[in-house]
Amino acid sequence: MTNVTEQLVVPHYDSYDVIVAGGGPAGLAAAISSARLGARTLLIEKNGCLGGMATSGLVHPFMPSYAGEQPINKGIFWEIISRLQKHNAVVHPDLTKMGTGYTGFVVWPHAHVTPFDAEILKWVIQDLIEESNVEVLLHSLVVDATKEGTKATGVYVEGKSGRMYFKGKVLIDATGDGDLAKFLGIPYRLGNDVDGSMQPATIFFRLAGIDRKKIDAYIAENPEERHFKSFAAKAAKEGKFIPSKHDVLFFYTPREGEMAINTTRVHGINGTDVFDLTKAEFESRKQIRILLEFFRTYVPGCEHAYVSSTAPEVGIRESRRIVGEYTLTKEDVLDVHQFEDNIAQCAYMIDIHDRKSTELFYTPVPEGHSYGVPYRCLIPKGFDGILFAGRCISATQEAQGSVRVMPPAFSLGQAAGTAAALSVLHSTTLRDVDIPRLQETLVTYGQIIHEPKQNQEV
(Lines give C-alpha, C1' and ligand atoms only; values in the text may rest on other atoms or scores of the structure.)
Protein backbone atom coordinates (compact mmCIF):
# COMPACT_ATOMS: atom_id res chain seq x y z
CA MET A 1 0.00 0.00 0.00
CA THR A 2 1.28 3.45 -0.91
CA ASN A 3 2.15 5.68 2.02
CA VAL A 4 -0.21 8.67 1.79
CA THR A 5 2.57 10.93 2.95
CA GLU A 6 4.69 10.09 -0.09
CA GLN A 7 5.01 12.91 -2.57
CA LEU A 8 2.88 12.25 -5.63
CA VAL A 9 5.02 11.98 -8.75
CA VAL A 10 3.09 13.37 -11.73
CA PRO A 11 4.33 12.15 -15.11
CA HIS A 12 5.14 14.82 -17.67
CA TYR A 13 3.49 13.42 -20.78
CA ASP A 14 4.26 15.86 -23.55
CA SER A 15 4.80 19.47 -24.64
CA TYR A 16 2.60 21.40 -27.05
CA ASP A 17 2.57 24.71 -28.82
CA VAL A 18 -1.04 25.35 -27.77
CA ILE A 19 -3.15 23.66 -25.09
CA VAL A 20 -6.89 24.32 -25.04
CA ALA A 21 -8.88 23.56 -21.89
CA GLY A 22 -12.55 22.89 -22.67
CA GLY A 23 -14.07 21.39 -25.82
CA GLY A 24 -17.22 23.49 -26.16
CA PRO A 25 -17.86 25.90 -29.07
CA ALA A 26 -15.04 28.25 -28.03
CA GLY A 27 -12.56 25.49 -27.29
CA LEU A 28 -13.10 23.37 -30.37
CA ALA A 29 -12.93 26.46 -32.62
CA ALA A 30 -9.72 27.51 -30.87
CA ALA A 31 -8.13 24.10 -31.30
CA ILE A 32 -9.12 23.73 -34.96
CA SER A 33 -7.89 27.19 -35.91
CA SER A 34 -4.61 26.74 -34.03
CA ALA A 35 -3.86 23.35 -35.57
CA ARG A 36 -4.74 24.50 -39.08
CA LEU A 37 -2.02 27.13 -38.83
CA GLY A 38 0.55 24.48 -37.99
CA ALA A 39 0.74 24.73 -34.21
CA ARG A 40 0.85 21.41 -32.37
CA THR A 41 -2.39 21.58 -30.41
CA LEU A 42 -3.91 19.58 -27.55
CA LEU A 43 -7.63 19.88 -26.74
CA ILE A 44 -8.69 18.67 -23.28
CA GLU A 45 -12.36 17.96 -22.52
CA LYS A 46 -13.97 16.63 -19.33
CA ASN A 47 -16.84 14.84 -21.12
CA GLY A 48 -16.87 11.95 -23.57
CA CYS A 49 -17.67 14.10 -26.60
CA LEU A 50 -16.88 17.57 -27.88
CA GLY A 51 -19.40 20.38 -28.34
CA GLY A 52 -19.96 21.52 -24.77
CA MET A 53 -23.39 22.97 -24.16
CA ALA A 54 -24.43 22.22 -27.76
CA THR A 55 -24.04 18.47 -27.17
CA SER A 56 -23.56 17.63 -23.48
CA GLY A 57 -25.87 20.49 -22.50
CA LEU A 58 -28.47 19.99 -25.29
CA VAL A 59 -28.76 23.80 -25.49
CA HIS A 60 -30.86 24.50 -28.57
CA PRO A 61 -30.95 26.24 -30.99
CA PHE A 62 -27.80 28.20 -31.73
CA MET A 63 -28.93 31.74 -30.95
CA PRO A 64 -29.02 34.48 -33.64
CA SER A 65 -25.75 34.87 -35.52
CA TYR A 66 -26.82 37.71 -37.85
CA ALA A 67 -26.92 41.51 -37.83
CA GLY A 68 -30.12 42.24 -39.67
CA GLU A 69 -29.98 39.97 -42.70
CA GLN A 70 -26.20 39.55 -42.71
CA PRO A 71 -24.39 36.67 -40.98
CA ILE A 72 -21.66 37.85 -38.63
CA ASN A 73 -20.51 34.65 -36.90
CA LYS A 74 -19.09 32.60 -39.74
CA GLY A 75 -15.71 30.88 -39.97
CA ILE A 76 -15.70 27.50 -38.23
CA PHE A 77 -19.30 27.98 -37.09
CA TRP A 78 -20.34 28.34 -40.73
CA GLU A 79 -18.36 25.24 -41.69
CA ILE A 80 -20.28 23.27 -39.08
CA ILE A 81 -23.62 24.49 -40.43
CA SER A 82 -22.56 23.53 -43.97
CA ARG A 83 -21.61 20.02 -42.88
CA LEU A 84 -24.81 19.59 -40.88
CA GLN A 85 -26.74 20.50 -44.02
CA LYS A 86 -25.22 17.52 -45.84
CA HIS A 87 -26.73 15.28 -43.15
CA ASN A 88 -30.12 17.08 -43.21
CA ALA A 89 -29.41 17.82 -39.55
CA VAL A 90 -29.89 21.59 -39.43
CA VAL A 91 -32.32 24.33 -40.42
CA HIS A 92 -30.21 27.03 -42.04
CA PRO A 93 -30.44 30.36 -40.18
CA ASP A 94 -31.41 32.11 -43.41
CA LEU A 95 -34.74 30.28 -43.13
CA THR A 96 -35.64 30.87 -39.48
CA LYS A 97 -37.84 33.92 -39.31
CA MET A 98 -39.20 35.39 -36.09
CA GLY A 99 -42.46 34.07 -34.73
CA THR A 100 -42.10 30.46 -35.90
CA GLY A 101 -41.70 27.33 -33.83
CA TYR A 102 -38.01 27.24 -34.69
CA THR A 103 -37.57 30.58 -32.91
CA GLY A 104 -39.79 29.54 -30.02
CA PHE A 105 -42.60 31.74 -31.40
CA VAL A 106 -40.58 34.66 -30.07
CA VAL A 107 -41.43 38.06 -31.54
CA TRP A 108 -38.58 40.16 -30.12
CA PRO A 109 -35.20 40.07 -31.94
CA HIS A 110 -34.78 36.33 -32.35
CA ALA A 111 -34.60 35.76 -36.10
CA HIS A 112 -31.90 33.59 -37.69
CA VAL A 113 -31.48 31.04 -34.94
CA THR A 114 -30.01 27.72 -36.06
CA PRO A 115 -31.89 24.54 -35.05
CA PHE A 116 -29.58 21.51 -35.21
CA ASP A 117 -29.41 17.80 -34.45
CA ALA A 118 -27.08 17.42 -31.46
CA GLU A 119 -26.19 13.81 -32.23
CA ILE A 120 -25.12 14.53 -35.80
CA LEU A 121 -23.24 17.59 -34.52
CA LYS A 122 -20.98 15.23 -32.56
CA TRP A 123 -19.98 13.51 -35.81
CA VAL A 124 -19.36 16.79 -37.62
CA ILE A 125 -17.19 18.17 -34.83
CA GLN A 126 -15.16 14.97 -34.64
CA ASP A 127 -14.54 15.03 -38.40
CA LEU A 128 -13.31 18.63 -38.27
CA ILE A 129 -11.05 17.92 -35.30
CA GLU A 130 -9.48 14.88 -36.94
CA GLU A 131 -9.04 16.58 -40.32
CA SER A 132 -7.27 19.49 -38.59
CA ASN A 133 -4.85 17.17 -36.74
CA VAL A 134 -5.90 18.34 -33.30
CA GLU A 135 -4.78 15.96 -30.55
CA VAL A 136 -7.64 15.31 -28.15
CA LEU A 137 -7.90 14.04 -24.59
CA LEU A 138 -11.48 13.23 -23.49
CA HIS A 139 -12.70 12.19 -20.04
CA SER A 140 -10.05 14.50 -18.64
CA LEU A 141 -10.43 17.43 -16.28
CA VAL A 142 -7.90 20.24 -16.01
CA VAL A 143 -7.36 20.52 -12.24
CA ASP A 144 -4.44 22.93 -11.97
CA ALA A 145 -2.04 25.05 -14.00
CA THR A 146 1.57 26.14 -13.69
CA LYS A 147 3.32 29.43 -14.24
CA GLU A 148 6.76 30.99 -14.24
CA GLY A 149 6.37 34.43 -12.76
CA THR A 150 3.36 35.82 -14.59
CA LYS A 151 3.53 33.49 -17.58
CA ALA A 152 1.34 30.39 -17.85
CA THR A 153 3.36 27.29 -18.71
CA GLY A 154 1.24 24.14 -18.45
CA VAL A 155 -1.70 22.23 -17.00
CA TYR A 156 -2.36 19.28 -14.72
CA VAL A 157 -5.04 16.89 -15.91
CA GLU A 158 -6.92 14.27 -13.90
CA GLY A 159 -8.61 11.22 -15.41
CA LYS A 160 -8.82 7.43 -15.35
CA SER A 161 -5.09 7.29 -16.10
CA GLY A 162 -4.32 9.33 -13.01
CA ARG A 163 -2.80 12.78 -12.87
CA MET A 164 -0.76 13.99 -15.84
CA TYR A 165 1.15 17.16 -16.67
CA PHE A 166 1.32 18.82 -20.11
CA LYS A 167 3.53 21.77 -20.90
CA GLY A 168 2.32 24.42 -23.34
CA LYS A 169 3.79 27.52 -24.94
CA VAL A 170 0.31 29.05 -24.94
CA LEU A 171 -2.76 28.04 -22.93
CA ILE A 172 -6.34 28.84 -23.91
CA ASP A 173 -9.04 28.72 -21.25
CA ALA A 174 -12.32 27.77 -22.91
CA THR A 175 -13.81 26.15 -19.82
CA GLY A 176 -16.64 28.68 -19.69
CA ASP A 177 -15.97 29.13 -15.98
CA GLY A 178 -12.48 30.59 -16.32
CA ASP A 179 -11.04 27.71 -14.28
CA LEU A 180 -7.45 28.49 -15.25
CA ALA A 181 -7.83 32.02 -13.93
CA LYS A 182 -8.49 30.56 -10.50
CA PHE A 183 -5.58 28.11 -10.73
CA LEU A 184 -3.13 30.77 -11.87
CA GLY A 185 -4.25 33.60 -9.58
CA ILE A 186 -5.53 35.75 -12.45
CA PRO A 187 -8.05 38.36 -11.23
CA TYR A 188 -11.68 37.72 -12.12
CA ARG A 189 -15.20 38.82 -11.24
CA LEU A 190 -17.90 36.42 -10.12
CA GLY A 191 -21.58 37.37 -10.30
CA ASN A 192 -22.98 40.86 -10.01
CA ASP A 193 -21.30 43.75 -8.22
CA VAL A 194 -23.95 43.99 -5.48
CA ASP A 195 -24.14 40.56 -3.87
CA GLY A 196 -22.28 38.27 -6.26
CA SER A 197 -25.46 36.50 -7.34
CA MET A 198 -25.62 34.86 -10.76
CA GLN A 199 -28.27 34.03 -13.31
CA PRO A 200 -30.23 30.81 -12.67
CA ALA A 201 -29.14 27.41 -13.95
CA THR A 202 -31.16 25.40 -16.48
CA ILE A 203 -31.23 21.84 -17.78
CA PHE A 204 -32.49 21.47 -21.34
CA PHE A 205 -34.54 18.45 -22.30
CA ARG A 206 -36.34 17.14 -25.37
CA LEU A 207 -40.00 16.24 -25.69
CA ALA A 208 -40.96 13.88 -28.52
CA GLY A 209 -44.34 12.57 -29.66
CA ILE A 210 -45.78 16.06 -30.11
CA ASP A 211 -48.20 17.21 -32.81
CA ARG A 212 -46.69 20.36 -34.29
CA LYS A 213 -49.70 21.10 -36.47
CA LYS A 214 -51.94 21.14 -33.42
CA ILE A 215 -49.55 23.43 -31.51
CA ASP A 216 -49.18 25.75 -34.52
CA ALA A 217 -52.95 25.95 -34.96
CA TYR A 218 -53.52 26.79 -31.31
CA ILE A 219 -50.89 29.56 -31.28
CA ALA A 220 -52.18 30.95 -34.59
CA GLU A 221 -55.62 31.30 -33.00
CA ASN A 222 -54.22 32.52 -29.67
CA PRO A 223 -51.02 34.46 -30.45
CA GLU A 224 -50.89 35.89 -26.93
CA GLU A 225 -50.49 32.30 -25.71
CA ARG A 226 -47.29 31.54 -27.60
CA HIS A 227 -45.56 30.80 -24.27
CA PHE A 228 -48.60 29.21 -22.63
CA LYS A 229 -48.70 31.77 -19.81
CA SER A 230 -52.36 31.16 -18.99
CA PHE A 231 -51.77 27.41 -18.85
CA ALA A 232 -48.78 27.98 -16.57
CA ALA A 233 -50.83 30.25 -14.30
CA LYS A 234 -53.64 27.71 -14.08
CA ALA A 235 -51.24 24.86 -13.41
CA ALA A 236 -49.42 26.91 -10.75
CA LYS A 237 -52.67 27.45 -8.86
CA GLU A 238 -53.18 23.70 -8.93
CA GLY A 239 -49.62 23.05 -7.75
CA LYS A 240 -48.60 21.55 -11.09
CA PHE A 241 -45.99 24.02 -12.33
CA ILE A 242 -42.53 25.08 -11.22
CA PRO A 243 -42.49 28.22 -9.02
CA SER A 244 -39.35 29.68 -10.61
CA LYS A 245 -41.03 30.26 -14.02
CA HIS A 246 -44.25 31.87 -15.21
CA ASP A 247 -44.22 30.73 -18.83
CA VAL A 248 -42.78 28.13 -21.19
CA LEU A 249 -39.96 28.54 -23.70
CA PHE A 250 -39.59 25.80 -26.28
CA PHE A 251 -38.06 25.41 -29.74
CA TYR A 252 -38.80 22.97 -32.54
CA THR A 253 -35.80 20.84 -33.51
CA PRO A 254 -35.03 19.53 -37.02
CA ARG A 255 -36.55 16.21 -35.94
CA GLU A 256 -40.27 15.90 -36.68
CA GLY A 257 -42.44 15.67 -33.56
CA GLU A 258 -39.71 16.90 -31.20
CA MET A 259 -39.03 20.14 -29.35
CA ALA A 260 -36.33 21.42 -27.00
CA ILE A 261 -37.54 22.81 -23.68
CA ASN A 262 -35.75 25.72 -22.02
CA THR A 263 -37.96 26.12 -18.95
CA THR A 264 -36.32 24.53 -15.92
CA ARG A 265 -34.77 27.12 -13.66
CA VAL A 266 -32.85 26.90 -10.39
CA HIS A 267 -31.92 30.10 -8.57
CA GLY A 268 -29.04 30.68 -6.19
CA ILE A 269 -26.55 28.49 -8.04
CA ASN A 270 -22.83 29.19 -8.24
CA GLY A 271 -21.59 27.29 -11.28
CA THR A 272 -18.08 27.06 -9.81
CA ASP A 273 -19.29 25.26 -6.65
CA VAL A 274 -19.69 21.48 -6.94
CA PHE A 275 -22.26 21.40 -4.13
CA ASP A 276 -24.40 23.97 -5.93
CA LEU A 277 -24.03 22.09 -9.21
CA THR A 278 -25.21 18.88 -7.56
CA LYS A 279 -28.20 20.72 -6.12
CA ALA A 280 -29.01 22.18 -9.54
CA GLU A 281 -28.87 18.76 -11.24
CA PHE A 282 -31.28 17.20 -8.76
CA GLU A 283 -33.69 20.13 -8.66
CA SER A 284 -33.74 20.51 -12.46
CA ARG A 285 -34.58 16.86 -12.99
CA LYS A 286 -37.43 17.11 -10.50
CA GLN A 287 -38.72 20.06 -12.52
CA ILE A 288 -38.59 18.04 -15.74
CA ARG A 289 -41.02 15.51 -14.27
CA ILE A 290 -43.39 18.32 -13.34
CA LEU A 291 -43.09 19.91 -16.77
CA LEU A 292 -43.75 16.63 -18.59
CA GLU A 293 -47.10 16.28 -16.82
CA PHE A 294 -47.82 19.95 -17.45
CA PHE A 295 -47.36 19.54 -21.20
CA ARG A 296 -49.44 16.37 -21.30
CA THR A 297 -52.26 17.88 -19.27
CA TYR A 298 -52.51 21.45 -20.53
CA VAL A 299 -50.81 21.98 -23.90
CA PRO A 300 -52.68 21.07 -27.13
CA GLY A 301 -50.61 18.71 -29.25
CA CYS A 302 -48.63 17.36 -26.31
CA GLU A 303 -51.11 14.81 -24.97
CA HIS A 304 -48.80 11.93 -25.91
CA ALA A 305 -45.47 13.67 -25.32
CA TYR A 306 -42.57 11.87 -23.69
CA VAL A 307 -39.05 12.82 -22.65
CA SER A 308 -36.73 11.63 -25.42
CA SER A 309 -33.51 13.00 -23.87
CA THR A 310 -32.25 15.04 -20.96
CA ALA A 311 -28.98 16.97 -20.98
CA PRO A 312 -26.21 15.10 -19.14
CA GLU A 313 -25.22 18.30 -17.37
CA VAL A 314 -26.89 21.45 -16.17
CA GLY A 315 -26.39 24.67 -18.13
CA ILE A 316 -24.68 27.63 -16.44
CA ARG A 317 -25.27 31.10 -17.88
CA GLU A 318 -22.57 32.99 -16.01
CA SER A 319 -19.76 32.48 -13.56
CA ARG A 320 -16.20 33.88 -13.66
CA ARG A 321 -15.30 36.75 -15.97
CA ILE A 322 -11.61 37.62 -16.16
CA VAL A 323 -10.21 41.09 -15.64
CA GLY A 324 -8.67 41.73 -19.02
CA GLU A 325 -6.72 44.40 -20.83
CA TYR A 326 -10.10 45.78 -21.86
CA THR A 327 -13.53 45.16 -20.33
CA LEU A 328 -16.46 45.06 -22.76
CA THR A 329 -19.34 47.18 -21.42
CA LYS A 330 -23.08 47.55 -21.83
CA GLU A 331 -22.41 50.87 -23.57
CA ASP A 332 -20.11 49.16 -26.08
CA VAL A 333 -22.88 46.68 -26.87
CA LEU A 334 -25.75 49.15 -27.23
CA ASP A 335 -23.66 51.82 -28.98
CA VAL A 336 -22.47 49.07 -31.39
CA HIS A 337 -18.91 50.18 -30.80
CA GLN A 338 -16.14 49.01 -33.11
CA PHE A 339 -12.49 48.65 -32.08
CA GLU A 340 -9.17 48.82 -33.89
CA ASP A 341 -8.39 45.34 -32.59
CA ASN A 342 -11.76 43.77 -33.48
CA ILE A 343 -11.56 39.99 -33.64
CA ALA A 344 -15.30 39.20 -33.74
CA GLN A 345 -18.76 40.69 -34.16
CA CYS A 346 -21.86 40.10 -32.05
CA ALA A 347 -25.45 41.28 -32.38
CA TYR A 348 -27.25 39.16 -29.79
CA MET A 349 -29.40 41.12 -27.36
CA ILE A 350 -28.47 41.60 -23.70
CA ASP A 351 -30.30 38.61 -22.25
CA ILE A 352 -30.55 38.52 -18.46
CA HIS A 353 -32.52 35.88 -16.57
CA ASP A 354 -33.36 37.54 -13.27
CA ARG A 355 -31.40 36.15 -10.37
CA LYS A 356 -34.35 35.97 -7.97
CA SER A 357 -37.66 36.38 -9.82
CA THR A 358 -39.33 34.61 -12.75
CA GLU A 359 -38.63 37.54 -15.07
CA LEU A 360 -36.32 37.82 -18.08
CA PHE A 361 -34.88 41.14 -19.23
CA TYR A 362 -34.01 41.76 -22.87
CA THR A 363 -32.27 44.79 -24.37
CA PRO A 364 -31.82 44.47 -28.14
CA VAL A 365 -28.82 45.71 -30.06
CA PRO A 366 -29.91 48.40 -32.59
CA GLU A 367 -31.64 46.70 -35.50
CA GLY A 368 -29.33 45.67 -38.33
CA HIS A 369 -26.15 46.48 -36.39
CA SER A 370 -23.46 44.58 -34.52
CA TYR A 371 -20.71 45.52 -32.10
CA GLY A 372 -17.07 44.52 -32.14
CA VAL A 373 -15.22 42.46 -29.55
CA PRO A 374 -11.60 43.56 -29.13
CA TYR A 375 -8.71 41.14 -28.85
CA ARG A 376 -7.78 42.78 -25.54
CA CYS A 377 -10.85 41.18 -23.88
CA LEU A 378 -9.16 37.80 -24.32
CA ILE A 379 -5.90 38.85 -22.61
CA PRO A 380 -5.81 38.82 -18.79
CA LYS A 381 -4.36 41.95 -17.27
CA GLY A 382 -0.78 41.48 -16.07
CA PHE A 383 -0.43 37.93 -17.34
CA ASP A 384 1.06 36.26 -20.43
CA GLY A 385 1.00 32.85 -22.04
CA ILE A 386 -2.76 32.45 -21.78
CA LEU A 387 -5.89 33.64 -23.58
CA PHE A 388 -9.54 33.27 -22.58
CA ALA A 389 -12.41 32.52 -24.95
CA GLY A 390 -16.16 32.10 -24.54
CA ARG A 391 -18.37 33.52 -21.80
CA CYS A 392 -15.45 34.02 -19.37
CA ILE A 393 -13.81 36.86 -21.36
CA SER A 394 -13.38 40.30 -19.84
CA ALA A 395 -16.85 41.89 -19.84
CA THR A 396 -19.27 43.51 -17.46
CA GLN A 397 -22.20 41.41 -16.34
CA GLU A 398 -24.53 43.18 -18.79
CA ALA A 399 -22.18 42.80 -21.76
CA GLN A 400 -21.62 39.17 -20.87
CA GLY A 401 -25.39 38.72 -21.14
CA SER A 402 -25.01 39.39 -24.87
CA VAL A 403 -21.69 37.79 -25.80
CA ARG A 404 -22.23 34.58 -23.78
CA VAL A 405 -24.20 32.59 -26.39
CA MET A 406 -22.70 29.95 -28.68
CA PRO A 407 -22.24 31.65 -32.11
CA PRO A 408 -20.05 34.43 -30.64
CA ALA A 409 -18.26 31.76 -28.59
CA PHE A 410 -17.22 30.04 -31.82
CA SER A 411 -15.90 33.38 -33.12
CA LEU A 412 -14.02 34.17 -29.93
CA GLY A 413 -12.51 30.71 -29.87
CA GLN A 414 -11.38 30.98 -33.48
CA ALA A 415 -9.73 34.29 -32.68
CA ALA A 416 -7.99 32.91 -29.60
CA GLY A 417 -6.68 29.85 -31.45
CA THR A 418 -5.48 31.94 -34.36
CA ALA A 419 -3.71 34.42 -32.09
CA ALA A 420 -2.12 31.62 -30.07
CA ALA A 421 -0.74 29.95 -33.19
CA LEU A 422 0.58 33.24 -34.61
CA SER A 423 2.27 33.97 -31.28
CA VAL A 424 4.06 30.62 -31.36
CA LEU A 425 4.92 30.66 -35.07
CA HIS A 426 6.31 34.20 -34.97
CA SER A 427 7.90 33.95 -31.49
CA THR A 428 6.00 36.87 -29.99
CA THR A 429 4.11 37.33 -26.76
CA LEU A 430 0.34 37.25 -26.99
CA ARG A 431 0.23 41.00 -26.36
CA ASP A 432 2.60 41.60 -29.25
CA VAL A 433 0.69 39.57 -31.82
CA ASP A 434 0.44 41.64 -35.00
CA ILE A 435 -3.21 42.73 -35.01
CA PRO A 436 -3.52 43.36 -38.78
CA ARG A 437 -2.00 39.93 -39.43
CA LEU A 438 -4.41 38.35 -36.90
CA GLN A 439 -7.38 40.07 -38.49
CA GLU A 440 -6.27 39.17 -42.00
CA THR A 441 -5.85 35.53 -41.01
CA LEU A 442 -9.30 35.42 -39.43
CA VAL A 443 -10.85 36.86 -42.59
CA THR A 444 -8.93 34.38 -44.73
CA TYR A 445 -10.53 31.57 -42.74
CA GLY A 446 -14.02 33.00 -43.17
CA GLN A 447 -14.51 35.05 -40.03
CA ILE A 448 -16.30 38.40 -39.88
CA ILE A 449 -14.42 41.00 -37.86
CA HIS A 450 -16.06 44.25 -39.04
CA GLU A 451 -19.71 45.20 -39.05
CA PRO A 452 -21.11 44.17 -42.45
CA LYS A 453 -23.03 46.47 -44.73
CA GLN A 454 -26.65 45.42 -44.99
CA ASN A 455 -27.90 43.90 -48.26
CA GLN A 456 -24.37 43.30 -49.50
CA GLU A 457 -22.31 40.14 -49.82
CA VAL A 458 -19.91 39.54 -46.94
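Let's start with H112, which sits in the loop between α2 and α3. Before I go on, please keep in mind that this is a predicted model. The phi of H112 is near 65°, a positive value in a residue that is not glycine. As background, most residues other than glycine have a negative phi. Is H112 buried or exposed? Its relative accessibility is 2%, so H112 counts as buried.

F105 is found in the loop between α2 and α3. Here phi is about 60°, again positive although F105 is not a glycine. F105 counts as buried because its relative accessibility is 7%, and the cut-off for buried is under 20%.

One more residue from this part of the chain: H110 is placed in the loop between α2 (75-86) and α3 (118-131). With 3% relative accessibility, H110 counts as buried. Which residues does H110 contact, leaving aside neighbours within four places in sequence? They are M63, P64, M98, T103 and F251.

Now for a backbone feature in another loop. The peptide bond from H60 to P61 is cis, and its omega is near -5°. P61 belongs to the loop between β2 (41-44) and β3 (66-67). In general, most peptide bonds are trans.

On to the interior. In soluble globular proteins, nonpolar side chains tend to be buried together. In this model, the largest nonpolar core has 118 residues, and the ones touching the most other members are I215, F250, M259, I343 and Y375. Which helix gives the most to this core? That is α10, residues 406-425, with 11 residues. There is also a second, separate core of 22 residues, and I19, A21, L180 and C392 are among its members.

Let me stay with F250 for a moment. Not counting residues up to four places away in sequence, F250 touches a list of residues including I215, I219, M259, A260 and I261.

Next, the helix pair. Helix α1, residues 25-36, packs with α10 at an angle of about 35°, and the axes are 7 Å apart. The crossing of these two helices, α1 and α10, is right-handed. On the α1 side, the contact is made by P25, A26, L28, A29, A30, S33 and S34. On the α10 side, the residues are M406, A409, F410, G413, Q414, G417, T418 and A421. How many charged residues does the contact of α1 with α10 have? None: by class there are nine nonpolar and six polar residues.

Last stop, the sheet. This one is open, with four strands in the order β11-β12-β10-β13 and antiparallel pairing. Its edge strands are β11 (250-252) and β13 (306-310), and each of them pairs on one side only. On average, neighbouring strands are turned by 30° against each other, ignoring direction.

Inside the sheet, β10 (residues 205-208) and β12 (residues 258-261) pair in the antiparallel sense over four bridges. What lies across β10, β12 and β13? It is helix α7, residues 274-298, which runs at about 150° to β13.

Key: Residues are numbered from 1 along each chain as its sequence is written. This is a predicted model: local features need pLDDT of at least 70, side-chain atom pairs count only at pLDDT 80 or more; totals for chains, interfaces and linings use all residues. Side-chain values use heavy atoms; hydrogens and water are left out. Buried means under 20% relative accessible area, exposed over 50%, partly exposed in between (1.4 Å probe, protein chains only). Contact means heavy atoms within 4.5 Å. A nonpolar core is a set of buried Ala, Val, Leu, Ile, Met, Phe, Trp, Tyr and Cys residues joined through side-chain atoms within 4.5 Å. Axes are lines fitted to C-alpha atoms, for helices over the stretch in contact, and angles run from 0 to 180 degrees between N-to-C directions. A crossing is left-handed if the near helix is turned anticlockwise from the far one by less than a right angle, and right-handed if clockwise. Ala, Val, Leu, Ile, Met, Phe, Trp, Tyr, Cys and Pro count as nonpolar, Asp, Glu, Lys and Arg as charged, and the others, Gly among them, as polar. Two strands pair if DSSP finds at least two bridges between them.
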